[in-house]
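Here are a few friendly notes to read alongside the model. Keep the structure open and find each residue as you go.

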Amino acid sequence: MILGIGCDILEIARLEKLVKKNYTHRVFTEEERRQSEGRLSRLAGDFSVKEAVSKCFGTGVRNFSLLDIEVLRDSLGTVSYTHLTLPT
C-alpha cells in the first residue's frame with residue numbers, strides 16, 4: 001500500500017554547517033553516521049530520504065523526530081532499507 005510520495009533535495013553546503021556545529025547526532029542515528037564514512041554527500045542523501053519520508057505522510061516532520069527514520073545502506077552504499085519508528 002502506498003501512503004504517499006515524497007521527494008527532497010539538499011545543498012551539501014547546508015549540511016556542512018550542521019556537521020561543523022556538531023549537530024549530526026540530532027539528525028542521524030549512530031549507524032547512519034558510521035555508514036556515511038564521513039562523506040557529506042552520503043549524509044545529504046540520507047537527510048533527503050528522511051525529508052521525503054516525512055512528506056509522504058503529508059505532515060512534514062511533526063509528531064516524530066528525524067531520528068525516528070533510519071536509512072540503512074548495503075555494502076555498495078545503495079539505500080537498502082528505511083526504518084521508521086513511530087511514537088506510541
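1. A word to settle before we start: two residues are in contact when heavy atoms of theirs lie within 4.5 Å. With that in hand, look at E51, which touches D8, V61 and L66 once residues up to four places away in sequence are set aside. Please keep in mind throughout that this is a predicted model.

2. Stay with E51 for a moment. This residue sits in helix α3, and α3 covers residues 40–56. How far away is the nearest side chain of opposite charge to E51? That side chain belongs to K55, and the distance is 5.1 Å. A salt bridge needs the nitrogen and the carboxyl oxygen within 4 Å, so E51 is buried yet has no salt bridge.

3. Now for the pairs that do meet. As background, side chains of opposite charge can pair when their charged atoms come close. How many salt bridges does a search of the whole structure find? The search finds 4, and the next points go through some of them.

4. Begin with R34 and E31, whose side chains form a salt bridge at 2.5 Å, N to O. Both residues belong to helix α2, residues 30–36, and because they are 3 residues apart there, about one helical turn separates them. Is R34 buried or exposed? R34 has 53% relative accessibility and counts as exposed, while E31, at 27%, counts as partly exposed.

5. Next come R39 and E37, which are also joined by a salt bridge, here at 3.4 Å, N to O. R39 has a relative accessible area of 39% and is partly exposed. E37 reaches 60% and counts as exposed.

6. The cut-off for buried is under 20%, which is why the value of 16% for R73 still counts as buried.

7. Leaving aside neighbours within four places in sequence, R73 is in contact with Q35, R42, G45, D46, T78, V79 and S80.

8. From R73, follow the chain into the hairpin. Strand β1 and strand β2 (residues 79–84) pair in the antiparallel sense over 5 bridges. Between the two strands of the hairpin lie 5 residues, and G77 in the turn has a positive phi of about 90°. Across the strands, V71 stands opposite T82, and the bridge partner of L72 is Y81.

9. How many of the 5 residues of β1 are buried? The count is 4, so that the strand is mostly covered by the under-20% cut-off. V71, for example, has 0% relative accessibility and counts as buried. Not counting residues up to four places away in sequence, V71 touches E32, Q35, D46, V49, K50, V79 and Y81. Of these, E32 is 39 residues away from V71 in sequence, yet their C-alpha atoms are 6.6 Å apart in space.

10. Finish with the nonpolar side chains. In soluble globular proteins, nonpolar side chains tend to be buried together. Here the largest nonpolar core has 9 residues: L10, L15, L18, V27, F28, L43, A44, F47 and L66. Helices α1 (12–20) and α3 each supply at least two residues of this core. Which element gives the largest share? That is α3, with 3 residues. To see the packing around one member, select L15, which touches L10, F28, L40, L43 and A44 when residues up to four places away in sequence are not counted.

Methods
Residues are numbered from 1 along each chain as its sequence is written. This is a predicted model: local features need pLDDT of at least 70, side-chain atom pairs count only at pLDDT 80 or more; totals for chains, interfaces and linings use all residues. Side-chain values use heavy atoms; hydrogens and water are left out. Buried means under 20% relative accessible area, exposed over 50%, partly exposed in between (1.4 Å probe, protein chains only). Lys and Arg count as positive and Asp and Glu as negative; His and the chain ends are not counted. A nonpolar core is a set of buried Ala, Val, Leu, Ile, Met, Phe, Trp, Tyr and Cys residues joined through side-chain atoms within 4.5 Å. Two strands pair if DSSP finds at least two bridges between them.
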